[in-house]
Amino acid sequence: MNVVIVNGSPRAKGNSDLLCDELIRGAKEAEHNTEKISLRDCTINSCKACYACFRTGKCIQKDDMAEILDKVKNADVLVLASPTYFMTMTGQMKIFIDRLIPDWQGLGGKEVYIIVTGHDSKEGLKRTANDLSDIFSCLGNTVKSVIWGEGVWQKGEVIGTKAMEEAYQAGKSIGR
């Protein structure tokens, strides 16, 4: 299966990255193709709400989003990862979601895995997980699991937590 991981963390090698990499390790062991897109490395402008895409099927903006949207559209499995900032997903992740508009009706039928991290307990991370789950469920996808990287803030704090094993096992279970 083709697995596309969209990481909305602005921090390289942080807790969200580590969990994405564990999921990738499990997915590769299960012989799936994987690609991780780190939004921090991409140029994605905010949606202009011009709705030209409703007429043309494509965004008028010339940035990295057209290529990313093609990868998301062609994925069998989508993984969304975001730290929780002020009780919600990162701005990078929200901009990415807003820019799905040109092809939002063609993004269904996928398995979706969600990774949320943050210094709070699961209760404090719930809004991020619920928002991502609701958005991608409404697009016609099946959310298979949420990996809770709770109680982590500084880089590497997720190492040795149950979330690492959960991410690895989620990757191994893709397609089952």
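Helix H4, residues 91-98, lies across strands E1 and E3 and runs at about 145 degrees to E3. Helices here (H or I, at least four residues) and strands (E, at least two) are DSSP runs, numbered from the N terminus; touching or being in contact means heavy atoms within 4.5 Å. Angles run from 0 to 180 degrees between N-to-C directions, with axes fitted as lines to C-alpha atoms, for helices over the stretch in contact. Helix H6 (162-173) packs on the sheet as well, touching E4 (111-118) and E5, and its direction makes about 160 degrees with that of E5.

A word on what you're looking at: this is a predicted model, where local features need pLDDT of at least 70 and side-chain atom pairs count only at pLDDT 80 or more, while totals for chains, interfaces and linings use all residues. Residues are numbered from 1 along each chain as its sequence is written, and side-chain values use heavy atoms, with hydrogens and water left out.

Now the sheet itself. It is open, with five strands in the order E2-E1-E3-E4-E5 and parallel pairing. Strands E2 (33-38) and E5 (142-150) stand at the edges with a single partner strand each, so one side of each has no neighbour in the sheet. From one strand to the next, the twist averages 15 degrees. Two strands count as paired if DSSP finds at least two bridges between them.

Start with E1 (residues 2-7). On one side, E1 pairs with E2 in the parallel sense over six bridges; there, valine 3 stands opposite threonine 34, and asparagine 7 has serine 38 as its bridge partner. To get from E1 to E2 the chain goes through helix H1 (residues 15-29), and this β-α-β crossover is right-handed. That label applies if, with the strands pointing away from the viewer, the path from the first strand over the helix to the second runs clockwise. On the E3 side, E1 pairs with residues 77-83 over five bridges, again in the parallel sense. Valine 4 stands opposite leucine 78 here, and isoleucine 5 has valine 79 as its bridge partner. Five of the six residues of E1 are buried, where buried means under 20% relative accessible area, exposed over 50% and partly exposed in between (1.4 Å probe, protein chains only).

Next comes E3. Seven of its seven residues are buried, so E3 is largely enclosed by the rest of the structure. In a regular strand the side chains alternate between the two faces of the sheet. Here, Val77, Val79, Ala81 and Pro83 point one way from E3, and Leu78, Leu80 and Ser82 the other way. E3 pairs with E4 in the parallel sense over seven bridges, with valine 112 in E4 as the bridge partner of leucine 78. E3, H4 and E4 together make a right-handed β-α-β unit.

In soluble globular proteins, nonpolar side chains tend to be buried together. In this model, the largest nonpolar core has 27 residues, and Val6, Met93, Phe96 and Phe136 touch the most other members. Such a core is a set of buried Ala, Val, Leu, Ile, Met, Phe, Trp, Tyr and Cys residues joined through side-chain atoms within 4.5 Å. The elements giving two or more residues to this core are E1, helix H3 (65-74), E3, H4, E4 and helix H5 (122-138). Leaving out residues up to four places away in sequence, methionine 93 touches Val6, Gly8, Leu39, Leu80, Ala81, Ser82 and Leu132. There is also a second, separate core of 20 residues, with Val3, Ala27, Val77 and Val79 among them.

Two polar residues round out the tour. Threonine 117 sits in E4 and, at 3% relative accessibility, counts as buried. Its side chain is joined to that of serine 16 by a polar contact of 2.9 Å; a polar contact is a pair of N or O atoms within 3.5 Å, where within protein one must be able to donate a hydrogen and the other to accept it, and residues adjacent in sequence count only if both atoms are side-chain atoms.

Asparagine 141 lies in the loop between H5 and E5 and counts as buried too, at 8% relative accessibility. A polar atom of the asparagine 141 side chain lies 2.9 Å from the backbone nitrogen of lysine 110, and one lies 2.9 Å from the backbone oxygen of phenylalanine 136.
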